[in-house]
Amino acid sequence: VAGFMFANSLNRSELAKTTADPATQIAQGPPLQPGGAILTPEEIKSKVASADENPKDFQFQKSLGMSLYRYASLKQDPKILPDAIRIMQRALDLDPADRDLVIGLGNAHFDVGYFDKDNKSFEVSRGFYNRALARVPTDVDVRTDLALTYFLQEPSDLNTAVSEFQKGLEINPKHERSLQFLARTYLKQNDVAKASETLDRLKSVNPTNSAINELSIMITGGNPPTAQ
């Protein structure tokens with residue numbers, strides 16, 4: 001599995017917060033009123049222009065920036081990410097205490113790092129994740145995303161990734177995404193025994209987890225995981 005489908009399986013702390021259609025959220029208010037859930041480039045450009053014309057409107061900047069990010073993710077369109085990042089950053093400059101924006105920016109830079117294979121973007125996302133964790137250290141979703149920046153950078157920092165996954169699992173031993181990617185990290189370290197043990201933990205938490213079959217094949221066949 002490649003592209004945004006895989007990125008979303010990696011990085012869900014923002015997307016999981018809402019089930020609302022981001023196209024509808026983007027369309028709220030003038031001048032953009034699309035007839036359906038798919039927006040044209042012209043419609044997006046028009047809404048971005050409206051945000052640029054009202055740079056001090058915090059709520060508009062936040063709502064549009066975060067909705068653009070979700071829309072880019074759901075529609076698998078990384079070209080939207082630069083505008084989403086720029087608008088979210090402008091909103092955060094207006095209210096530096098807004099933790100949702102901090103996480104949203106971490107996620108958007110994460111996706112840029114993943115798709116562009118850009119370590120610098122992973123470093124930037126890491127800064128936002130650490131900023132969010134400084135306020136809520138028990139947020140296991142964000143801790144997992146932080147760990148994944150070390151897993152996905154080139155070259156991977158697998159020891160730090162393991163440490164961060166384990167910190168999250170100390171808070172929530174049943175966190176499936178942490179268990180799933182901790183197993184992948186152990187496989188990348190060629191530690192099949194620990195990977196197998198972690199997979200058993202994942203199976204006990206959720207026997208229907210979609211990653212179990214793939215991980216089982218990796219462990220049985222001894223094939224190291226890849227990012228795509």
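**Words and cut-offs**

Colleague: Before we look at whole helices, what makes Pro41, Glu42, Lys45 and Glu53 of helix 3 exposed?

Modeller: Exposed means over 50% relative accessible area, buried under 20%, and partly exposed in between (1.4 Å probe, protein chains only). Pro41, Glu42, Lys45 and Glu53 are therefore over the 50% mark. Please keep in mind that this is a predicted model, where local features need pLDDT of at least 70, side-chain atom pairs count only at pLDDT 80 or more, and totals for chains, interfaces and linings use all residues. Residues are numbered from 1 along each chain as its sequence is written, and side-chain values use heavy atoms, leaving out hydrogens and water.

Colleague: Which residues of helix 3 are buried, and why are they said to line one face?

Modeller: They are Ile44, Lys47, Val48, Ser50 and Ala51. Seen down the axis of helix 3, the buried residues fall within an arc of 155°, so they line one face. The arc is taken from the directions that run from the helix axis to the C-beta atoms. The exposed residues named above are on the other side of helix 3.

Colleague: What makes the span of helix 3 close to the expected one?

Modeller: The expected span is 1.5 Å times one less than the number of residues. Helix 3 (residues 41–53) has 13 residues and reaches 18 Å from its first C-alpha to its last, close to the expected 18 Å.

Colleague: How many helices and strands does the protein have?

Modeller: There are 12 helices and 0 strands. Both are DSSP runs, numbered from the N terminus: helices are H or I with at least four residues, strands E with at least two.

Colleague: Why is the pair of Phe110 and Phe122 called edge-to-face?

Modeller: Rings of Phe, Tyr and Trp (its six-membered ring) pair if their centres lie within 6.5 Å; planes under 30 degrees apart count as stacked, over 60 as edge-to-face and the rest as tilted. The centres of Phe110 and Phe122 are 5.7 Å apart and the planes are at 80°, so the pair is edge-to-face. A search of the whole structure finds 2 aromatic pairs.

Colleague: Are Phe110 and Phe122 buried or exposed?

Modeller: Phe110 has 0% relative accessibility, so Phe110 counts as buried. Phe122 has 2%, and therefore counts as buried.

Colleague: How do you know that Arg126 lies over the face of Tyr150?

Modeller: A charge sits over a ring if NZ of Lys or CZ of Arg is within 6 Å of the ring centre and within 35 degrees of the ring normal. Arg126 is at 4.0 Å from the ring centre of Tyr150. Likewise, the charged end of Lys188 is 4.7 Å from the centre of the Phe151 ring and sits over that ring.

Colleague: Which residues is Val102 in contact with, leaving aside its neighbours within four places in sequence?

Modeller: Leu92, Phe128, Arg131 and Ala132. Contact means heavy atoms within 4.5 Å. Val102 is in helix 6, and at 3% relative accessibility it counts as buried.

Colleague: Where does pLDDT stay under 50?

Modeller: Among such places are residues 1–5 and residues 29–36. pLDDT is the predictor's confidence in each residue, from 0 to 100. Where pLDDT is low, the predicted coordinates should not be read in detail. The mean pLDDT of the protein is 86, and 81% of its residues reach 70 or more.
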